[in-house]
Every structure is written in C-alpha cells, then in structure tokens.
Amino acid sequence: NTPTLLNSAYNSSFGWTDEGITSLERQHLVPLTNSNPLEMGFGPEQLNDLNADDALRREVLAAFGSTEITLKIITQALASYTRTLLGADRPFDRSLLWDEQDAMTADAAEGMRLFFSEQLGCSTCHASFNLSGPVSHGGLSSVTAAPVFHVTGVGGSTTAFRAPSLRHVSDTAPYMHDGSLATLDEVLVFYETAAAAALKPFSLRIEERRALRAFLEHL
C-alpha cells in the first residue's frame, strides 16, 4: 500500500524499507526512473517532450531561472508541490493545539488515552506530531532526525518497515505495506495478536476498540 503524501514534508525518510532515501527529491526519482520494477518509465524521450513545450519552459524559467528542463528541476518541482500537502486541522489538532473542548467525542478522547498509554504502546512507533515516528523540519529550530524502522510481522514478514503517519488514516485504506488489512478494526485486531518484538501484547474490550478507532478517525 502506498503511504500517504499528507505531511510527508516532515518525514525523516521515505518509502517503506529504504533508510537511505531521506529527501522528497530523492524519493521522486524512484518511481520516475525505476526499471526493476518499471514504474513511470521516465527517460530522455519524455525529457525531450517536456523541453519541446515552450509554455512550460517559460514557467520553468520563471520558477527556477533555467531555460532547460532537467530531471533535477522536475524532482525539485514535484518535491515543492508535495511539501504543500499538509493536514493539521483535524479534531485532534483543534483539541490539543487550540483547546477546543468539544472538538473530540468522549469515545475519541478515551481512545487517545489508550493510544498513548503504556498498556498499548502505540506511540512507541507512531510518535511526534505526525504520529509517524521521527520527523525532520527546517526553519528557525531545524530538526533532523534519524529514521526508525520496525519489524511488525505483518503477513509473516521479517522486514523492518517505516511507521507511516496516522494522519487521515481513516481515509487511506487498505492498510499495512501489503494492503492486506481492509479496515481499521482489522488493524486493531492484528496488533492485539501480533507476535513481534516491537509490539506489546494487549487485549481490548469491545468498547475500548471502538474508542481507539474513534481516536484514529479524528487524526
């Protein structure tokens, strides 16, 4: 399953398993130029087609000061656009950041307590404001965090995967790297029974699972 692009501007790494892809520019090269497997199939022919478009070249000149469209400029433009895909106006944000007392339902508030509890340990992997683990950002207080990968045992896999952001997670089904879980309820049941070193064993009552799902739907 493709990880969401929402708030990916803050990721410390990209892709599911590759710790070496630490910028959006580098990440965009992967689907553009991959030959094994073939993805976008971008090459010299497509680059020539873009340079034959005079209107596009004028826009590139205005944006990048270049009369030639290069692969570097393409990845810079794609990354610049991707960094605008932000989501930070959910009930979770309004409750936590703006102190809106009624932003979250009682179920969701209880689910948040469970999510951050030692009993479940969800926030061990899904940490930070992005609920994704380590984040990186520039600005006045620049932060560069090393990526963290976890073996969860999904589908019996022993591969370590990056924890994706849970922002808008109710809108991004199916779930897991292989898309094998169709609903959030299936995800919660999986984590109750998953056998992996990074996961704490736990058991949820029906009302607790409902509350945890409500919290996830507020992210």
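Predicted model: local features only at pLDDT ≥ 70, side-chain atom pairs only at ≥ 80, totals over all residues.
Me: How much space lies in the largest cavity, and which residues line it?

Reply: The largest cavity holds about 50 Å³ of space. Its lining includes Asn 11, Ser 12 and Ser 13, along with Ser 132, Gly 133 and Pro 134. Pro 147, Val 148, Arg 162 and Ala 163 also line the largest cavity. By class, this lining has four nonpolar, five polar and one charged residues.

Me: What about the second largest cavity: how much space, and which residues?

Reply: About 40 Å³ of space lies there. Among the residues lining the second largest cavity are Pro 3, Thr 4, Leu 6 and Ser 8, and Asn 11 and Arg 162 belong to this lining too. The classes here are three nonpolar, four polar and one charged.

Me: Which residues touch the most other members of the largest nonpolar core?

Reply: A nonpolar core is a set of buried residues joined through side-chain atoms within 4.5 Å. The largest one has 29 residues, and Phe 115 and Leu 216 touch the most other members. Helix H6 (106-115), helix H8 (184-193) and helix H9 (206-217) each give two or more residues to this core.

Me: Which residues is Leu 216 in contact with, leaving aside neighbours within four places in sequence?

Reply: Leu 216 is in contact with Phe 115, Leu 166, Val 169, Leu 184 and Leu 188, with those neighbours left aside. A second, separate core has six residues, including Leu 32, Phe 42, Val 60 and Ile 74.

Key
Residues numbered from 1 in each chain as written. Heavy atoms only, no water. 1 Å grid on protein atoms, 1.4 Å probe; cavity = no way out; pocket = protein on both sides within 12 Å on 5 of 7 lines; lining within 4 Å. Points joined across faces, edges and corners; volume = space filled by probe spheres on them. Nonpolar A, V, L, I, M, F, W, Y, C, P; charged D, E, K, R; others polar. Buried < 20%, exposed > 50% of the residue type's maximum accessible area, 1.4 Å probe, protein only. Helix = DSSP H or I, 4+ residues; strand = E, 2+ residues; numbered from the N terminus. Contact = heavy atoms within 4.5 Å.
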